[in-house]
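Work through the exercises below with the structure open. Each task is followed by a stepwise solution.

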Amino acid sequence: MSDTVYTDDYNDGFEEFFSEIKKNPQYDCDKIEKAYKLAHDAHKNQRRRSGEPYIMHPVAVAKILFKLGMDNECIIGALLHDVVEDTEYNIDYIREQFGDEVALLVDGVTKLGQIPLSTREEVQAENIRKMFMAMNEDIRVIIIKLCDRLHNMRTLQHMPPYKQREKSLETLEIYAPIAHRLGIRPIKEELEDLAIYYLDPIAYKEIEKNLSMQKEQGEAFLKEITTQIKEKIEPVMKNVQITSRVKSVHGIFRKVYMKGKDFEQIFDIYAVRIIVDSLIDCYNALGIVHDMYKPIPGRFKDYISMPKPNMYQSLHTTVLSQSGIPFEIQIRTWEMHRTAEFGIAAHWKYKLGKGGKDEMDNRLEWIHRMLETGNNTDTAEELVANIKGDLSVDEVFVFTPKGDVKSLPKGSTVIDFAYAIHSAVGNKMVGAKVNGKIVNLDYQVKTGEIVEILTSNQQGKGPSRDWLKIVKTGESRSKIRAWFKKEKREENIVRGKSEVEHELKRNFIRLEDSEKYEAFLKKIAERQHCTNLDDFYAAVGYGGIQITRLMPGIKDEYNRNWKPSETAPQKPVLNVESNTSSKNSGGVVVEGIDNCLVKMARCCTPVPGEEIIGFINRGTGLTIHRRDCVNVPKNIELSAEPDRWVNAHWDSNVQIEARSTLDVYAIDRDGVVLDIATKMANSHVKIHSINARPINDGNCLTTLTISVNSREHLDSIVKTLNKVDGVYHIERSGG
């Protein structure tokens, strides 16, 4: 390349990469060079968090795609994938310079900008929706996205710890399973290993240590086994390749830390792969290795006659060596091997082309199902949960009575099986038989079982709401809710409206102006992708939206944008003749009342320094509220019982200690609660109680009840807590 631009202080790797490109006639070198120059110019003033020039990222992504054997448009799309979002160039310019196909890929992969949504689930759900829509249009979009995520994971050490955890969790739950579904094994395994490195570094190092301790012994063992198998198979078959490997860190992590096995109980740490020419050779090779080594019962899997949904085919068997060491053997043809290693990318790498459309459509059927599930989902949280569940790596393969095979996530019930056949079958289901015997509806199906669904055409029959607690897949859940949506709408609206009003009242959210109240609820409904309030009420009514889970976000929206602004306290009308004041109950002065039991309101937990007012309770004394509490009328004279409200203020001559409760929202990382408690201890803040719980994926809520002596003291505590890594929002409980 004659005029590639470099600065003096770095090499972005394109020169070496481009020299490899030029050796392959499938690529349009001029267009790729043109795309690089455009990207180089567009990103010239940008740096990554590591300090490296930004151009190194798109070049690295293009290199990964090149190794996968992806086509010309894919390589160009990778070089330009951040240009539209981050620079002055727009998608129309890309289309004009590189054509519609590249523009489609760049538009599909372009990172989403700032989405005005309140929760991480909503942002993630919108990303997932757009990702699956783009995948449905052109599968190469997600292949570029996977390579983009892989390079970002390789350089994740430059991100702050909470971001490392957030990205790793998303990678493990969304991107790695998508790579698995597409059959791209090297990317799947590297994404998983990198994610575990950041999510559980102690476990990662322990596995690495165990593997390194066995490295020398393992290499010698695999070399010996490989030699033994070669000596038996090569005289019988031609063109045989025998290789060996050690299981990935994530594969061991799943079994040791997630399934509770000891390291010594893992039978497939060592694996041998045998690649042969034909299908008959696969089964012949299986016979030879079973003759050489003792097979372990229950460990044989025939993925050739029953391929995985990603079209993976292979024979798997686990055997014992003569020295008693278990190891796995995988046997497949060369064509199966190409699919196993590169998955959907093999279409481009091995020039299978974009023809064979029927086969491609079959392999991508799961994407259409995911989109259908997403379209029938009402909440962001539900969409994210459904997709994570349906992308599960662990699967079972179940037969219909006619011999058709259905693949389902492990743990699926007979109801999930019914809905996998068709929504009409699920809706009419009244029972099920497994291998000829009647089973309960919560029966979890297992690989190899024959399941028959019993249905009824009786009028009015349909699914039960209880099924929502039983089913495993998001597809089943969305179809059940779709039935209730359609058949019970009026009932759902009434029920949902009642639930919403009750929950708002319970959380002291009140808007006296009916127009403002409706506008406030419409805003909440829009966030849940409901076009009007009736749709929102209906979704709450049939269980599609759980209003209790939305309350933290609703309270935040109310406090920030809808809560009535503070007004000067109205002079209360007092029918009290006494002019004395009471100095009781912790330094509160109540005008006009003496010798009265005073307590602090739980709804607003006032602290010294805040404007307060008292409310006379019949027979139980007096309750002190913050003047801006939602339970205090704006205009006391116009309230129902104005004579029960009395002026009060804090006694400045008394040092007072009051309790206040804070809700601390944070990224759910390791040690976040400990860091919060440590900050409080270092600031000499007395903690009466502390309670932490996860509230949604990747976030947690820590509720603290603490002692404070003034409003200023409380404000300084909030500032201190905001400095804890991962904390993103703090609010006082009860307002």
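This is a predicted model.

**Exercise 1.** Classify Arg669 as buried or exposed, then find its salt-bridge partner.

Solution. Step 1: Arg669 has a relative accessibility of 12%. Buried means under 20%, so Arg669 counts as buried. Step 2: Arg669 forms a salt bridge with Asp675, and the closest N and O atoms are 2.7 Å apart.

**Exercise 2.** Describe the salt bridge between Lys522 and Glu518 and its place in the secondary structure.

Solution. Step 1: both residues belong to helix H26 (residues 514-527) and are four residues apart, about one turn of the helix. Step 3: Lys522 is partly exposed at 40%, and Glu518 is partly exposed at 39%.

**Exercise 3.** Which accessibility classes do Lys44 and Asp41 fall into?

Solution. Step 1: the side chains of Lys44 and Asp41 form a salt bridge at 3.3 Å, N to O. Step 2: exposed means over 50%, so Lys44, with 55%, is exposed. Step 3: Asp41, at 32%, is partly exposed.

**Exercise 4.** Locate Glu610 and describe its surroundings.

Solution. Step 1: Glu610 sits in the loop between strand S14 (598-600) and strand S15 (612-617). Step 2: with a relative accessible area of 8%, Glu610 is buried. Step 3: a polar atom of the Glu610 side chain lies 2.9 Å from the backbone nitrogen of Val607. Step 4: beyond four places in sequence, the contacts of Glu610 include Arg626, Arg711 and Arg732.

Definitions and conventions. Residues are numbered from 1 along each chain as its sequence is written. This is a predicted model: local features need pLDDT of at least 70, side-chain atom pairs count only at pLDDT 80 or more; totals for chains, interfaces and linings use all residues. Side-chain values use heavy atoms; hydrogens and water are left out. Helices (H or I, at least four residues) and strands (E, at least two) are DSSP runs, numbered from the N terminus. Buried means under 20% relative accessible area, exposed over 50%, partly exposed in between (1.4 Å probe, protein chains only). A polar contact is a pair of N or O atoms within 3.5 Å; within protein, one must be able to donate a hydrogen and the other to accept it, and residues adjacent in sequence count only if both atoms are side-chain atoms. Contact means heavy atoms within 4.5 Å. A salt bridge is a side-chain nitrogen of Lys or Arg within 4 Å of a carboxyl oxygen of Asp or Glu.
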